[in-house]
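Subject: Structure for you to look at

Dear colleague,

I am passing on a structure that I have been going through, and I would be glad if you could look it over alongside the notes below. Please read them with the structure open beside you.

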Amino acid sequence: MSQTEELAFWSYERKCEKVVESLGKNGFTAVYCPTAAQAREYILTEAADAETIGFGGSLSVAGLQVIEPLREAGKELLIHGAHGLPLEERLAVMRRQLTCDLFLTGTNAVTIFGFLVNIDATGNRVASMFFGPQKVIVVAGRNKIVEGDAMEAMQRVKSWATPPNARRLNFNTPCARTGFCSNCNSPERLCRVTTILERKPRFTDIRVLVVNEELGL
Ligand code: SF4
């Protein structure tokens, strides 16, 4: 690791620890993971007693490469984004995610005050985050940390996450072409459901892994 990388790691570590502390004060079970590999191990351990595992479609989770080991362990994987799945079947998978044993997702942003901020088009991902699954694990790479309030977190999502996601998912929105949010009124607008988890939802076992690596958008 170069000196620059060491200093960046140190700086992010302080921020990650602060986020973990804030999340803890807000009732979440929060864990600092210095590396993505440690987050991966945490998930595989926690998945041991789960039979059905839902995936929110997160690039952060995809980056941890947990799908194959979970499949090999005989888990039923609920992945609505599987290639070629017809709409009705995708919706059926999303509904089953709402009651799965373990739901794995990223977050669009986590604030330094310990709020989880997300913006969805369908709402299935955020719904599964706050009620339904027996257990939820949220993966937050260090690039998701916002040193501000929920409004600033929403700004981050619309500046940095949604435009490239719209492009990735082939949505016909202005931001998918320009890279900038214009608060569009497009029929394909992704920004339809905004959630701010200010405290742990009362009946949801939710863990947040704060990872000192860049994960997702
Ligand atoms: S409001 Fe429209 S332009 Fe702005 S980020 Fe959302 S989809 Fe893109």
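Contact, in what follows, means heavy atoms within 4.5 Å. Please also keep in mind that this is a predicted model.

I begin with helix α5, which spans residues 87-97 and in which V93, M94 and Q97 are buried. Seen down the axis of α5, these buried residues fall within an arc of 100°, so they line one face of the helix. An α-helix has 3.6 residues a turn, so residues three or four places apart point the same way. The buried residues of α5 pack against the strands β2 (52-55), β3 (76-79) and β4 (102-106), and also against helix α6 (124-130). On the face of α5 turned away from this buried side sit the exposed residues E88 and R95.

Next come some contacts between parts of the chain that are apart in sequence. S22 belongs to helix α1, which runs over residues 3-25, and S22 counts as buried because its relative accessibility is 9%, where buried means under 20%. Leaving out residues up to four places away in sequence, S22 touches I112, F113 and G114. G114 itself is placed in the loop between β5 (109-111) and β6 (116-120), and G114 is buried, with a relative accessible area of 0%. Setting aside neighbours within four places in sequence, G114 is in contact with S22, L23, N26, F28, L197 and E198. For G114 and E198, the separation is 84 residues in sequence but 7.2 Å in space, taken from C-alpha to C-alpha.

G27 lies in the loop between α1 and β1 (29-33), where it is partly exposed, with a relative accessible area of 38%.

Which residues surround the ligand? They are T162, T173, C175, C181, S182, N183, C184, R189, L190 and C191. By class, this shell has 5 nonpolar, 4 polar and 1 charged residues, and the space that the ligand takes is the largest cavity.

Finally, two asparagines deserve a look for their backbone angles. N183, one of the residues around the ligand, has a phi near 45°, a positive value in a residue other than glycine. N183 lies in the loop between α8 and β9 (193-197), and counts as exposed at 54% relative accessibility. N170 likewise has a positive phi, near 60°, again in a residue other than glycine. The loop that holds N170 is the one between α7 (150-168) and α8 (174-178), and N170 is exposed, with a relative accessible area of 67%.

With best wishes

Note on methods:
Residues are numbered from 1 along each chain as its sequence is written. This is a predicted model: local features need pLDDT of at least 70, side-chain atom pairs count only at pLDDT 80 or more; totals for chains, interfaces and linings use all residues. Side-chain values use heavy atoms; hydrogens and water are left out. Helices (H or I, at least four residues) and strands (E, at least two) are DSSP runs, numbered from the N terminus. Buried means under 20% relative accessible area, exposed over 50%, partly exposed in between (1.4 Å probe, protein chains only). A residue is near a molecule or strand if one of its heavy atoms lies within 4 Å of it. On a 1 Å grid over the protein atoms alone, a cavity is a set of points where a 1.4 Å probe fits but cannot get out, and a pocket is an open set with protein on both sides within 12 Å along at least five of seven lines; lining residues have an atom within 4 Å of a point. A molecule sits in a cavity or pocket if more than half of its atoms lie within 2 Å of its grid points. Ala, Val, Leu, Ile, Met, Phe, Trp, Tyr, Cys and Pro count as nonpolar, Asp, Glu, Lys and Arg as charged, and the others, Gly among them, as polar. The arc is that of the directions from the helix axis to the C-beta atoms.
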